[in-house]
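Dear colleague,

I am pleased to hand over the structure shown below. Please keep it open while reading the notes that follow.

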Amino acid sequence: MESRAAHGQIAPNTDGGTLNPEAFINPTTVNASGRVAFNSEVNGSDRNQGVFVADSDGTISAIAIGCGGPGGSGDTTSMCGDASPIGGHFGGFFFGTVFTPDINDAGDVLFFCDVNGGSSRRALFLYRGASGEIVKVAAVGDPSPIGGTFGAVGPGSLNNNGKIVFLASPVGETANSNLFMWDNGVVTKVAAIGDPAPEGGTFSALGTESFGFQDGTFIPVGPVPDINDSDQIAFRAIVSGGITQRGIVVRTGQVDEWYVKVPDPTPVGGTYFDMQAASINNAGQIAFFADYRPTPETFNSGWFAGAPGNWRKVVVFFDPIDGGQCLGLAFSRNPMQTIDAAGNVVFWANLDSNGTSDRLVLGLTDGNLLIAARRGDPTPVGGTFGSMDAWPAVNGNIGTLNVATPGAQNGVLSAHMAFNHCPSGTPTPTPTSTPSMTPTPTATPTPTPIATPRSTPTPRPRPTPRARPIPSV
């Protein structure tokens, strides 16, 4: 386990400011070299927020710096941020899980922020690692390929070819959004409400989550689609008049296929009745969080992975983990890539109902669980691992941990970290005096969760995960 960026480190290009990443509520994404991308507030400078990357050697670089109030605050006059490619200056950034920037192996970074004094108030941008150029992907007010203009633009996912899939909604729509793709300056439709669904019916809902902000605007935030390097696109869809009510669609070329749908059987028995965003790897395998019914009268939730004809359970509520029992999991959310090239899946879990027994876990394809970090263990920056962000990411042999660090040296309150695991599945040991690296076999539980999770979170600008015996959203 290594620290990539920590509270109090110098924030480049901010006139001497320091990072305040609040890593325990702000995830990172990671590329194959181990570089992580993250949003952070900045202390001690008028240039007080931005998007950054941190390398495995500890080098931190600024991608774009803003200033003034946070995104959605209504601040339109602060002009000390970097110049924006749509005119004006970067203003407020948005923090929390759903606004995490994405990064690819070329070092391109996809990020989202407000703009002061530009041709649009808000946009999704791409930093190109090879040239250092920042280009607009989509902005509020841009023409939509399905007609009209974008009334709202949301976050997206990025592949290694520089293609982006993202959410956007028409003028006047505050709840539902459609799916689009950007490819070198050209925006096309992926799927829209009313389009035909695979095997009959029409899409009745695609992006179903939106957050409202102080300035009166709404932003579509999920479920965000994902795209792999073969340009396969995975997205959750709700359908009217079809063979199913909802499921996960994978588009290969121009062909849409139900990968998994309600009420398909699960690999642990029973049937699915809801699922969240799916990450897709270059083998066409997906990882996703789903609700299912073990029997018609009972309910459970968990993580599943694979492809049609070869599904497996990763973990479900009440499974044994690290000598305890799984009582907390988080919904799957892009752009945090949760499934690696081999099909291993990284996830967060909590082992008590009070939310104080966090674990960062790698679920291997053979069903074993490897513990990458435990709350209370020593950290590389001193102190102990505290509250963990619930949305880790993985790329190759590198995974992310975003965590509070109580008792750390020099007043470090939180840090973005990365762990390495060997291709055989043996992790690089975490810095703990009594690590348990023996794989823990999973098992199918018989108890039923005591509450039903909500698929749509209460709108708020900065979602904070909570560890409870129901999913974090």
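In this predicted model, strand 17 and strand 18 form a hairpin, with 5 residues between the two strands. Within that turn, G216 has a positive phi of about 90°. The pairing of strand 17 (residues 209–212) with strand 18 is antiparallel and runs over 4 bridges. Strand 18 itself covers residues 218–222 and is mostly covered, since 4 of its 5 residues are buried.

Is S301 buried or exposed? Its relative accessibility is 0%, and because buried means under 20%, S301 counts as buried. The side chain of S301 is joined to the side chain of D291 by a polar contact of 2.7 Å.

Finally, please turn to the largest pocket, whose volume is about 400 Å³. Its lining consists of 25 residues, and those nearest the centre of the pocket are N160, D229, N282, Q337 and N395. Sorted by class, the lining of the largest pocket comprises 10 nonpolar, 10 polar and 5 charged residues. Which strands each supply at least two residues of this lining? They are strand 3 (29–30), strand 8 (102–103), strand 19 (226–227) and strand 32 (394–395).

With kind regards

Terms used:
Residues numbered from 1 in each chain as written. Predicted model: local features only at pLDDT ≥ 70, side-chain atom pairs only at ≥ 80, totals over all residues. Heavy atoms only, no water. 1 Å grid on protein atoms, 1.4 Å probe; cavity = no way out; pocket = protein on both sides within 12 Å on 5 of 7 lines; lining within 4 Å. Points joined across faces, edges and corners; volume = space filled by probe spheres on them. Nonpolar A, V, L, I, M, F, W, Y, C, P; charged D, E, K, R; others polar. Buried < 20%, exposed > 50% of the residue type's maximum accessible area, 1.4 Å probe, protein only. Polar contact = N/O pair within 3.5 Å; in protein donor to acceptor, adjacent residues only side chain to side chain. Pairing = 2+ DSSP bridges.
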